[in-house]
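The sequence and structure are shown below.

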Amino acid sequence: MRAKIVYFGLAAVLVVYFVLVGSRGVMLVQQGTAITVTFGVAVLVLPFIGAWFLYQTTKFARDANRLARELEAEGGLPVDELERTPSGRVDRDSADAVFARRRAETEAAPGDWRTWFRLAVAYHDARDTPRARKAMQRAIALHDGKPVRAEAR
């Protein structure tokens, strides 16, 4: 719950920032000179790009949480079996072993969103965030019946 509060707090701050930046862009365009209009248009584009990224991130998190709830209801969420260092960090060898097992499960059933979800969690535990995100995107696409590229492993 705390993570959601922080996320929505930061999202609200970003939206306020987008409004402030957008107003500055409008003021630059209203100046009417070639240079200020150019800068104003460039400044106006930034909030739209930021808003698009915020929307995509929120949609991804919502979809991943939806899959997690469904998998939890089925009793298929991956169990935390990772060894930890005394400081509480995940042991790298332990994460690699779990990852190898999850990858083998996914290769055995490449069309099952559940295996891709568990693989995404294993990637995350192994600190490979880009691949974790791609695996989760694939799990979401498979779950929703959307087409998936063959090379997206």
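Thr106 is buried, as its relative accessible area is 2%. The model in which this value was computed is a predicted one. Thr106 belongs to helix 3, which spans residues 92-108. Its side chain reaches the backbone oxygen of Thr115, at a distance of 3.2 Å. Thr106 can also be placed relative to Arg118: the two residues are twelve apart along the chain, and their C-alpha atoms are separated by 8.5 Å.

A further residue of helix 3 is Ser94. Ser94 is likewise buried, with a relative accessible area of 10%.

**Helix packing**

How are helix 1 and helix 2 arranged relative to each other? Helix 1 covers residues 2-31 and helix 2 covers residues 34-74; their axes come within 7 Å and cross at roughly 160 degrees. Helix 1 is therefore roughly antiparallel to helix 2, since an angle over 145 degrees counts as such. The crossing of these two helices is left-handed. In the contact of helix 1 with helix 2, the residues comprise 17 nonpolar and eight polar ones, with no charged residue.

Helix 2 also packs with helix 4, here at an angle of about 110 degrees and with the axes 11 Å apart. An angle from 65 to 115 degrees counts as roughly perpendicular, so this description applies to helix 2 and helix 4. Helix 2 passes helix 4 in a left-handed crossing.

Helix 4 in turn meets helix 5: their axes come within 8 Å and cross at roughly 165 degrees. Helix 4 and helix 5 are therefore roughly antiparallel to each other. Their crossing is left-handed.

**The loop between helix 4 and helix 5**

Helix 4 comprises residues 113-125 and helix 5 comprises residues 129-144; Arg127 lies in the loop between them. For comparison, most residues other than glycine have a negative phi. Arg127 is partly exposed, with a relative accessible area of 44%.

**Charged pairs**

Side chains of opposite charge can pair when their charged atoms come close. In this model the count comes to twelve salt bridges.

| Residue | Partner | N to O distance |
|---|---|---|
| Asp63 | Lys59 | 3.4 Å |
| Arg84 | Asp80 | 2.5 Å |
| Asp128 | Arg131 | 3.2 Å |

The partners in these pairs can also be described by their accessibility. Asp63 is buried, with a relative accessible area of 6%, whereas Lys59 is partly exposed at 24%. Why are Asp63 and Lys59 separated by about one helical turn? The reason is that they are four residues apart in helix 2.

In the pair formed by Arg84 and Asp80, the side chains meet in a salt bridge. Arg84 counts as partly exposed, at 42% relative accessibility. Asp80 counts as exposed, because its relative accessibility of 51% is over the 50% cut-off.

The side chains of Asp128 and Arg131 form another of these salt bridges. Arg131 counts as partly exposed, with a relative accessibility of 47%.

Technical notes:
Residues numbered from 1 in each chain as written. Predicted model: local features only at pLDDT ≥ 70, side-chain atom pairs only at ≥ 80, totals over all residues. Heavy atoms only, no water. Axes fitted to C-alpha atoms, helices over the stretch in contact; angles between N-to-C directions. Parallel < 35°, antiparallel > 145°, perpendicular 65-115°, else oblique. Left-handed = near helix turned anticlockwise from the far one by under 90°. Nonpolar A, V, L, I, M, F, W, Y, C, P; charged D, E, K, R; others polar. Salt bridge = Lys/Arg side-chain N within 4 Å of Asp/Glu carboxyl O. Buried < 20%, exposed > 50% of the residue type's maximum accessible area, 1.4 Å probe, protein only. Polar contact = N/O pair within 3.5 Å; in protein donor to acceptor, adjacent residues only side chain to side chain.
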